[in-house]
Amino acid sequence: MSHLHITSWVIAFVLVGLATTFTRSGNEKAAKISHMILRADYLLILYSGGSLFASYATYGALIIIKVLVGLWVIAAMEMVTIKFKKKKPVGVWWAQLLIAAVIAIVLGFGFLPLGILPA
Ligand code: HEM
């Protein structure tokens with residue numbers, strides 16, 4: 001499940017990059033398709049993250065924070081992609097995406113017990 005989780009969020013970062021790059025280059029159709037695949041990929045992130053969460057025996061503060069920050073990453077990805085498409089200011093969402101992603105990755109790989117790099 002860890003592999004699915006990691007694969008699905010890595011793909012999500014690639015798709016945010018593709019969707020914004022296509023929007024910038026005026027290829028709206030490709031941007032729209034990338035965004036649709038990104039939205040489907042959120043479901044994989046939620047499913048794999050949810051399954052990892054369900055495999056916990058006891059729930060401490062860190063894993064609750066990890067889940068909330070994971071949801072924050074998804075929200076920021078969606079906001080970046082939408083605001084970019086609508087040509088609205090997007091800097092504050094890029095910043096949130098960066099901050100949330102760093103926290104999620106550091107918590108996931110560095111501090112939480114499950115997965116391919118157990119803490
Ligand atoms: C795009 C957003 C996300 C990123 C970048 C991310 C990042 C990570 C990373 C790096 C790990 C460690 C993987 C491993 O060592 O195998 C992890 C594990 C985990 N993630 Fe996420 N995650 C995200 C979204 C979510 C969401 C939305 C949820 C909840 C629904 C979630 C729940 C979990 C759980 C429960 C674990 C297991 C923690 C452990 O190792 O004990 N994640 N995540």
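Reader: What's the shell around the ligand like by class?
Author: This is a predicted model, where local features need pLDDT of at least 70, side-chain atom pairs count only at pLDDT 80 or more, and totals for chains, interfaces and linings use all residues. Numbering runs from 1 along each chain as its sequence is written, and side-chain values use heavy atoms, with hydrogens and water left out. By class, the shell has 20 nonpolar, 7 polar and 1 charged residues (Ala, Val, Leu, Ile, Met, Phe, Trp, Tyr, Cys and Pro count as nonpolar, Asp, Glu, Lys and Arg as charged, the others, Gly among them, as polar).
Reader: Which helix gives the most to that shell?
Author: Helix 3, with 7 residues (helices are DSSP runs of H or I, at least four residues, numbered from the N terminus).
Reader: OK, the metal. What coordinates the iron atom?
Author: His5 through NE2 and Lys66 through NZ, at 2.0 Å; donors are N, O and S atoms within 2.8 Å of the metal (3.2 Å for Na, K and Ca), and since water is not among the atoms, sites may look incomplete.
Reader: Where do those two sit?
Author: His5 is in helix 1 and Lys66 in helix 3, so the pair ties together parts 61 residues apart in sequence.
Reader: And which arrangement do the 6 donor atoms make?
Author: Octahedral, because their angles at the iron run from 82 to 177°; that label needs six donors with opposite ones over 155 degrees apart and all others between 65 and 115.

Notes: Tetrahedral: all angles 85-135°; square planar, octahedral: opposite > 155°, others 65-115°.
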